[in-house]
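Colleague: I have the file open and would like to go through it with you. Could you take me through the side chains, the packing and the backbone?

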Amino acid sequence: MTHLLRGQNEAVLIAVALLVLVALALVVWALLSGREAARPKPPPELPPEARPPPPEAPKPPKPAQAAPPPAAPAPELSAEERRRLREEEEERKKAAYRARKAEEARERDERRRAEEELRAREAEEVARRAEEAARAEAEAEAERQRRVQAEAGKTLAQGLEKTRSGFGGRLASLLGGEKTLGPELLGQLEEVLFSADIGVKTASHLLDVARDGLAKRELADPEKIKGAMRSEIERIVDLPVKPIAGANGAGGLAVWMVVGVNGVGKTTTIGKLAARLGASGKKVVVGAADTFRAAATEQLAVWADRAKAELVRGAEGGDPGSVAFEAVKRALEVGADVAIVDTAGRLHTKAPLMEELKKVKRVLGKAREGAPDEVLLVLDATVGQNAIAQARQFHEALGLTGIALTKLDGTAKGGVVIGICDELRVPVRYVGLGETAADLRPFDPKEYVQALFE
Ligand SMILES: Nc1nc2c(ncn2[C@@H]2O[C@H](COP(=O)(O)OP(=O)(O)OP(=O)(O)O)[C@@H](O)[C@H]2O)c(=O)[nH]1
Ligand SMILES: [Mg+2]
């Protein structure tokens with residue numbers, strides 16, 4: 001037992017001694033490594049280009065500049081010479097100054113002359129352009145006037161030129177000036193009135209106006225008689241005219257039937273009317289119901305084409321009634337404002353003209369109830385009083401609503417308007433004053449009377 005205990009103690013002693021030895025070794029290692037870390041490390045080796053340049057060696061001081069050699073002493077000038085030299089120098093300067101000024105003045109003159117020349121050339125150019133513009137404007141104005149005149153056609157006064165120098169002129173010279181109205185003057189007035197194509201009835205009526213005035217001593221002055229006749233004529237010709245519209249009023253189709261004896265100007269008047277209505281924005285269809293001759297349709301076709309109106313035609317020698325019917329039907333289809341139907345002035349059949357026209361009128365009524373809205377009689381003014389007789393005949397057969405009096409430009413018988421209006425009470429709607437489209441004019445009663453008397 002004791003032996004065992006002794007062995008144990010020895011082992012413990014050995015272990016403790018070993019531990020002490022290890023601890024000592026650790027302390028020594030720690031001390032050594034601490035001293036190593038504290039020692040400064042040498043800088044790392046740098047590449048040659050990154051290395052800072054070696055400090056420059058101080059430069060040796062520049063040798064001091066050599067001083068210029070001292071100027072040679074100027075020769076001594078006399079006061080007189082110095083004064084002369086000064087004066088010469090001044091004179092040179094003045095001459096140079098004058099030369100410079102002269103050069104400047106010359107340059108200025110040249111510039112001014114060049115500018116003046118330029119201005120003169122510019123002014124010339126402006127004047128030339130202004131002259132050209134004025135000439136062009138004058139030419140354009142003349143052209144405009146020509147066009148306006150062509151488009152406006154003749155004035156009523158121009159169209160009545162011959163009538164004015166006939167009936168109007170005779171009346172004016174008879175009743176003008178310092179005269180007293182007595183039986184003799186009354187006789188002369190009677191002669192003027194009865195030879196004026198105004199018709200017997202109207203001539204008698206106007207003479208009565210003069211006689212009444214004389215009897216009442218109100219119109220002893222011929223000027224006053226003239227004034228009274230003028231107002232009476234104006235009253236006679238101023239008849240109400242229906243506006244262009246269908247039976248149902250504005251908006252509906254207006255159907256016009258144009259009648260008259262042959263050669264009075266029906267087809268021409270229809271062409272002019274279509275042009276007028278077309279120009280005022282109305283849509284027009286024309287019916288060539290004069291099937292008597294092919295030329296009549298062709299003549300209307302030319303006018304319709306010019307007026308941009310649609311033409312409805314039939315076969316030559318065909319039934320005028322059926323063409324009239326087709327024209328109205330077509331006008332209704334295309335929503336036209338006006339359908340104008342041309343008719344024959346002379347017939348190829350044995351049937352009397354009036355019967356044929358009555359038939360056309362009836363057919364129009366079948367094509368559109370109430371049609372025609374206007375039965376326009378075309379009269380040739382050159383036939384004078386005969387026109388009144390023709391108008392009476394047509395009025396009785398067809399019931400006229402208006403009259404177009406053509407060829408007033410070529411006759412002195414323009415007084416016939418008064419007779420037609422007075423006897424038939426049918427308004428003159430249009431007057432023809434020439435052959436162009438613009439020569440058909442709406443009849444203006446006031447303008448007519450003015451043109452007749454002035
Ligand atoms: N100077 C003048 N001539 C006119 C006028 N109106 C028509 N005329 C001429 O009269 C001639 C006959 O005209 P038309 O239109 O063919 O006559 P129309 O009544 O249709 O004749 P028919 O078809 O044969 O019945 C033509 O030469 C027209 O140029 C007018 O106002 N002044
Ligand atoms: Mg004709």
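Modeller: Let me begin with a term we will need: a salt bridge is a side-chain nitrogen of Lys or Arg within 4 Å of a carboxyl oxygen of Asp or Glu. Please also keep in mind that this is a predicted model.

Colleague: Okay, which residue does Glu326 form a salt bridge with?

Modeller: Its partner is Lys329, and the closest N and O atoms of that pair are 3.8 Å apart, which falls under the term because the limit is within 4 Å. Glu326 and Lys329 are three residues apart in helix α10 (residues 320-333), and so about one helical turn separates them.

Colleague: How many salt bridges does a search of the whole structure find?

Modeller: The search finds 29 salt bridges. One of them joins Arg129 to Glu125, with the closest N and O atoms 3.3 Å apart, and both of these residues belong to helix α2 (residues 79-152), where they sit four residues apart, about one turn of the helix. Arg129 is exposed, with a relative accessible area of 53%, whereas Glu125 is partly exposed at 28%.

Colleague: What about Asp373, buried or exposed, and what is its partner?

Modeller: Asp373 forms a salt bridge with Arg368, the closest N and O atoms being 2.9 Å apart, and both Asp373 and Arg368 are buried. Elsewhere, salt bridges that share partners link Glu125, Arg128, Arg129 and Glu132 into one network.

Colleague: Switching topic to the core: which residues touch the most other members of the largest one?

Modeller: The largest nonpolar core has 74 residues, and Leu189, Leu193, Leu405 and Tyr448 are the ones that touch the most other members. If we set aside neighbours within four places in sequence, Leu189 is in contact with Leu171, Leu174, Leu175, Leu207, Ala210, Ile225 and Met229. Apart from that core lies another one of 22 residues, which includes Val258, Leu273, Ala307 and Val378.

Colleague: Which residues make the contact?

Modeller: From α4 they are Phe167, Leu171, Ala172 and Leu175, while α7 contributes Pro222, Glu223, Ile225, Lys226, Met229 and Ile233. By residue class, the contact of α4 with α7 divides into eight nonpolar, no polar and two charged residues. As background, in soluble globular proteins nonpolar side chains tend to be buried together.

Colleague: How many of the residues in α13 are buried?

Modeller: Helix α13 (residues 416-424) is mostly covered, with eight of its nine residues buried; among them are Val416, Ile420, Asp422 and Leu424. Just after α13, Arg425 takes a positive phi of about 55°.

Colleague: Where is Asp197, which also has a positive phi?

Modeller: Asp197, which is not a glycine, has a phi of about 60° and is found in the loop between α5 (183-194) and α6 (200-215), where Asp197 is buried with a relative accessible area of 15%. Lys308 is another residue other than glycine with a positive phi, near 55°, and its place is the loop between α9 (294-307) and β3 (310-313). Lys308 counts as exposed, at 74% relative accessibility.

Colleague: Last one, what is Gln390 in contact with?

Modeller: Leaving aside neighbours within four places in sequence, Gln390 is in contact with Val261, Val264, Leu379 and Val383. Gln390 lies in helix α12 (residues 386-398) and is buried, with a relative accessible area of 15%.

How values were computed
Residues numbered from 1 in each chain as written. Chains lettered and ligands numbered in written order. Predicted model: local features only at pLDDT ≥ 70, side-chain atom pairs only at ≥ 80, totals over all residues. Heavy atoms only, no water. Core = buried A, V, L, I, M, F, W, Y, C linked by side-chain atoms within 4.5 Å. Buried < 20%, exposed > 50% of the residue type's maximum accessible area, 1.4 Å probe, protein only. Contact = heavy atoms within 4.5 Å. Helix = DSSP H or I, 4+ residues; strand = E, 2+ residues; numbered from the N terminus. Nonpolar A, V, L, I, M, F, W, Y, C, P; charged D, E, K, R; others polar.
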